[in-house]
Amino acid sequence: MAEEKNYKIIQPDNSEENKFLKPENYKREVTAPDGNTFIVDPLNDYFCDAKPQPHAPNTIKVVEKFLNWARSQSIWVLGFGTGCGSIEIYPLMTPRFDAYRFGVQQRPTPRQSNLMIISGYLSVKTLKRAIRSYEQMQSPKFVMALGSCTINGGMYWDSYNTINRLDHYMPVDVYVAGCMPRPEALLAGFMELKKRIREGKGEGANQYAENFDWYKANQKKIIKDWNMPDYNW
Amino acid sequence: MMNLKDILSPFSAWRNLLKEPVTIKDPLTERPGAPRYRGFHKNDIEKCIGCGTCETICENEAIDLVAVANVDTKNGDSGLRPLVDYGRCCWCALCVDVCTTGSLTMSNEYTWVSNDPEDFRYIPGVDKKEWDNNDLGWKKPDYTLIPTERMDMEEMEPSEREGTFLEIVRGYSRAQAEKEADRCTECGLCVATCPAHMDIPGYIRAVREGDMEEGLRLLYETNPLPEICGRVCTHRCEEVCAVGHSGDPLAIRWLKRYIADQVPFEEYKRILGITSIEENGKKVGIIGAGPSGLSAAYYLRIRGFEVTIYEAKSKGGGMTMYGIPKYRLPMNMLESEIGFLEEIGVKFVYETRVGEDISFDEIYKKHDAVFVGIGFEKPYKINIKGEEQKGALQAISFLDDINKGKKVDIGKKVAIVGGGNVAMDAARVARRLGAEVYMLYRRRVEDMPADSEEIHGAYEEGVQIIPQTIPVEIIGEGGKVKSIQYLMAEMVPDEKGGRPKPVPIEGSEQVLEIDTLIGAIGQEADYGFLPQEYLDKIETNRGRMLVDNNNKTTLDKVYAGGDAVNKTADAISAIADGHRAADAIERMLLV
Amino acid sequence: MKEIINNIQEKFKISEVTEQRENQYFISVEKKDTIQLVTYLKDIEKFTNFILLTAVDWIEKGQFQLTYMLNHPSKKLDIGVRTFIERENATMDSAHHLWEHVATFQRELKEMFGIDFPGSPRVDEPFLLEGWDNIPPMRRDFDTKKYSEETYFPRPGRSTNDPAEHMKKKLYPNE
Amino acid sequence: MFHWTPDRSAFPTAGPDGKFDFDSHKLVKIWHGPNHPGVTGNMSLELTISGDEVLESKTHVGYLHRGFEKLYERRTWIQCFPTVVRMCVPESDSNEYNLSAGIEELAGIEIPEMAKWLRTLVLEMSRLQALLRIVPAQGGTVGLGLGVQWGVYLRDLILDRFEELTGGRIYHMYMIPGGVRGLLPDGFKERLEENLILVDEFVLSIKRLMLDNAVFKKRTVGIAHIPVEWIDKYGIVGFVARGAGVKKDVRLDYPYLAYDQLDFDPAISTDSDIYARTWIRWNDIITTVDLLRQIMAKMPKKGEFKAPTPNVLHWQVPKGEVYVRSESSRGEYGFYIVSDGSKYPRRINLRGPSYTHAVSLLEKMLVNSNISDIAATMVSLQTCPPEIER
């Protein structure tokens, strides 16, 4: 049943950057139905490779103020439990602490959320996914970092697989101390975040866009198998 | 498999519709942490001694010790205070549980939000936080992670001690020593307090690991007389021991003694690596074979100096040989220590009193440097009437005679005047000779300068201490002491803030029948050996030679140490002096 | 348990027997006999429950210790089969055919210690790490603290003092 | 009743090398996780699907890999304690217990009676809070979110008890070698009993809501069946084994702490599907509540709670190796501890139930299952990624 393949895989050379390249990302020579052949590079051709652009605030102050108020009242959290802190999200989202009354709710996909909670330590493997999730989120977007691990490595300060400082890889709006922070501390974090958004200080997305090259360089330094597009939204 | 009940049963959840909601209205203020909650740290700055045990146990290196304004470094307090990094802390509270003083605690506060990651560091107790006055939170619990009880050392029963000069304490067994050494937190507070700055945590670690050779090497780095110090040191290190804040301090002195006892003297040369000494051709003369002289001699000799010690008596050791009774320091210990020095090539010239048998001038000219470790030989007189009579002795000469093995007749009842270690020695020796001993001291028992264990030992052995007494007159009969008359004193606080002064109470005269009176109120140096031209150049203060940081006197190429220089007047300070002077002499002559 | 150990000793060359508990023994066996012994224990002595396979790095001896922990479900006995293999180019016979989950353990050991198990399914696929290009991290010669400091650089601005040194400096500034 | 079975003959099969031909355009490869509401924790499954049938599943873990076992090489024995609890987030106390018990066994320390009971209490409370979260979550995987709301609230009440007893909500760090770190606070028993009464109510309500629910039954009965032969083949333990009819429970088989003085009998079923495993864990809640009541009644009122240990700062645990185990809510939880007689452990290796449940077993179970059952299957195995990757 195997049909004739219409493409030919081009074996990558043994250079350093191809060390971790996965077979599905190899360049391939595709023969079109009209007989023409062309090269397809899955990593660059299937995704948008444009850099993100910073968004200027609305020129009318009142409008911007209103927008900020509205943003602060609808914090949609991406349900991505990156570390152990995510266990405290359960009580937060259920009746006892009921974060919904503060406009906080969980969303299953990055496209619908504007707050990413990095709940503690990030292993390199998760960091890669966290970055992709973060980049898929819509601006304006915010990052809340929980626990010691995101500030200075925490318990895993000497581990070979966890990052020590989150602010090197994505812009962080609010840090909440604790190992892990209790739901109340998380709520306090939300309050602080709301305050910052209302004050117009929630500029993480713009900061990320402005310093895009710096963040990318930091990320690529530790994610050795960067076999994904630089920017994929 | 499915029935109507299965379809209807979930609807029972509607029962909850009318229930009171469980939601907490204002979780940010309504929910304090539990009374035991492990929240942010608090520290009682006054109580903390900066020992760093919290830093040692922290698996996250979350705690730094930093110098803090308003907290001074002093003996027993490093002046450092813990700084906690909440980018590392995991709230395990092990730091609280091991805190030796119990100063470090935790509040039940748990909320700290900031947008600046650099914020999350502070020094508890110094940087003001809103939870400083919060009484709830994790406290040091009622258990210990560091054993608090000292290993008891076997001692001779007090009742057996009369009539014998055998050593009282028996020394640790290996198991005991290792168990005692295990209690050490290796904080190092003791190091600075020790006059010789011995690496105490280091050699205790060696005991724990059973590496006696390493232990001995560490001892000899700063102290060439560990056998002596292991027995008679005033162990000021133990007073500042961090473990002592929550239990018994470590038996540092006994552990030192344990190391020294384990290694036979024949092995010393090999272990210390002094198999061959490269001579450097310089000569150093040392006057006095007391601890400071011996210490200087050792450190100079191993660096290749030609060292000659001039000693007036027939044996070396100074006060440790002649002043300390043998139940505290057996004679053979001293002799082997000195034998070891002889073995490595230190020349001893005994029975040569400088100023009489050899002139100071000659020594001064013959050597490239001179170290003076003459000690305090000349006892103070009590300066009361009747002191010249037979039966009125001086403690120093009394102890000297006993150690030399002379028979001294002290009769049945003996009074000792003084409250220092020498007085204690005299009293306990007199008890061993079978006399009834009374001790007259001007101040209260707690003011006594003697070590507490000496006082304790004296009590144990039946010495009767009569505090707050001022002798007035020694009453004699036929040129021999018969009784002593004294006044009771009351303690009057000193206006200048010094220690309270004893003031005699009028009309409180008492008379004590005695056969012998032993004076032990202190000694002074005897500079009789120095020719006037040198004496003029050596500045003294209250009978002590003035020296600089290198233990150099005001006279060129003359160094001094020991009791004749420093106020603390104990063996370990003398050893430190000798070491310091040896370093300075080396710098002066070789660099 | 004694009886079983005796049975094993009759059939295999056992170099060391340690009784940890009444129902828990550790035995050492040569590398070549290991899989045979494990099979024997499983099929004949009915140690049918495989608990774990793990390695211990004895770097000072140049050896890896492999421990196969087996359990007898009905008699409630544990036996740990220890074997020592060379640290250089470490390879071991695979036991994936005995239990399905052994392959997972072997895959982890390949990744974390660099011990090869030829023939074990998916043994070369990364298990926990992604894009790892250093020596296998669980080997003792890999220094995790150094790696972490170089790669993830801790937040600067911290310094500490040793109480003993600090006191010496403060109290005796001239020495 | 209508029951649709896919025509499997139309599905592509794997080639002789075990690989699927993706050029056939009949296959899709999708990732289930790590950012997915239906995975238990931070892990992912690489699924090869045709239609909505899973042809191949590969478990990918390591998102939570912190290298604990490496870190222990440079931590002293006592320093391992704060770290070891983080090996498993939902139920951290088994870690504390296992490491303490291992060290005590190697060092020959006998813990006081009071400490035994307190440890038993904490382990049971821990099991209770884990079950209160995971049992209703089984409903959550098939779209029944209400039970989770109840369960997590009750779990939070148990966490409050933990907080007052141990000083921490999730990570308790309560058991240390030699015993525990404190006695019960005043009035603890009464407050725990108040909570247990609420749990009693919850047990009945969740039965009505979930176990007796027609939809839940339809989605779980007969799904993800584990044959009894697999028990040894895959090293299955705990409630999963009990669901298949093999009574495996460390508390009964190898009694530790005070379990030999307690009276309990864990439930057992032979159906071995998602429903049976849920029912067993629902029964476990009842057993645990009963055990907690027994413990509170039988426990001594006061007493020593910690045996003396050497100075923990440089405690050299005697040379030796030991495998210690305890029963977590997911099954046998074991630590393999090797000491070389130094200050630092030579090796501490965790063998959690998920190590096989979530990797080799789950990969096998998901083949030919429906993609909509994956979340339910994972939760029915109660997989916990941190204990796989550590």
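What follows is a set of questions and answers about the chains shown above.

Q: How do you know how far to trust this model, and how are its parts numbered?
A: This is a predicted model, so local features need pLDDT of at least 70 and side-chain atom pairs count only at pLDDT 80 or more, while totals for chains, interfaces and linings use all residues. Residues are numbered from 1 along each chain as its sequence is written, and chains are lettered from A and ligands numbered from 1 in the order in which they are written.

Q: What is the average pLDDT of chain A?
A: pLDDT is the predictor's confidence in each residue, from 0 to 100. Chain A averages 84, and 97% of its residues score at least 70. Among the elements of chain A, helix α1 (residues 42-45) has the lowest mean, 76, and β8(A) has the highest, 91. Helices here are DSSP runs of H or I with at least four residues, strands are runs of E with at least two, and both are numbered from the N terminus.

Q: Which domains does the assignment give for chain B?
A: The bounds come from an automatic or database domain assignment. That assignment gives domain 1 (27-122), domain 2 (158-270), domain 3 (279-376 + 525-590) and domain 4 (379-523). Taken over C-alpha atoms, the centres of domain 1 and domain 3 of chain B are 49 Å apart.

Q: What makes residues of chain B and chain A count as being in contact, and how many does each chain bring?
A: Two residues are in contact if their C-beta atoms, placed from the backbone, lie within 7 Å. By that rule, 24 residues from chain B meet 27 residues from chain A. On the chain B side, α2 (27-30) and β5 (113-114) each supply at least two residues. That side divides into 14 nonpolar, six polar and four charged residues. Here Ala, Val, Leu, Ile, Met, Phe, Trp, Tyr, Cys and Pro count as nonpolar, Asp, Glu, Lys and Arg as charged, and the others, Gly among them, as polar.

Q: How do you know that β8(A) and β5(B) pair?
A: Two strands pair if DSSP finds at least two bridges between them. Strand β8 (residues 174-176) of chain A is joined to β5(B) by two bridges, so the pair qualifies, and the strands run antiparallel. V176(A) stands opposite V113(B).

Q: Which residues of chain B touch chain D, by class?
A: Here 32 residues of chain B are in contact with 28 residues of chain D. The helix α1(B) gives the most to the chain B side, with three residues. By class, that side has 21 nonpolar, four polar and seven charged residues.

Q: Why are β2(B) and β6(B) called edge strands?
A: Three strands of chain B form an open sheet in the order β2-β3-β6, with antiparallel pairing. β2 (63-67) and β6 (121-122) each have a single partner strand, so one side of each is left without a neighbour in the sheet. Five bridges link β2(B) with strand β3 (residues 80-85), and L65(B) stands opposite P82(B).

Q: Why are α3(D) and α4(D) called roughly antiparallel?
A: Axes are lines fitted to C-alpha atoms, for helices over the stretch in contact, and angles run from 0 to 180 degrees between N-to-C directions. Helix α3 (residues 93-107) and helix α4 (residues 113-140) of chain D have axes that come within 9 Å and cross at roughly 150°. Angles under 35 degrees count as roughly parallel, over 145 as roughly antiparallel, 65 to 115 as roughly perpendicular and the rest as oblique. The two helices are therefore roughly antiparallel. D93(D), S94(D) and Y97(D) in α3(D) meet R119(D), V122(D), L123(D) and S126(D) in α4(D).

Q: What joins β1(C) to β2(C)?
A: A hairpin does, through two residues. Strand β1 (residues 14-21) and strand β2 (residues 24-29) of chain C run antiparallel and share six bridges, and I14(C) is partnered with V29(C).

Q: What makes the backbone at P140(A) and A93(B) worth a look?
A: Most residues other than glycine have a negative phi, and most peptide bonds are trans. The bond joining S139(A) and P140(A) is cis, with omega about -10°. A93(B) has a positive phi of about 65° although it is not a glycine, and this residue lies in the loop between β3 and α4 (94-98) of chain B.
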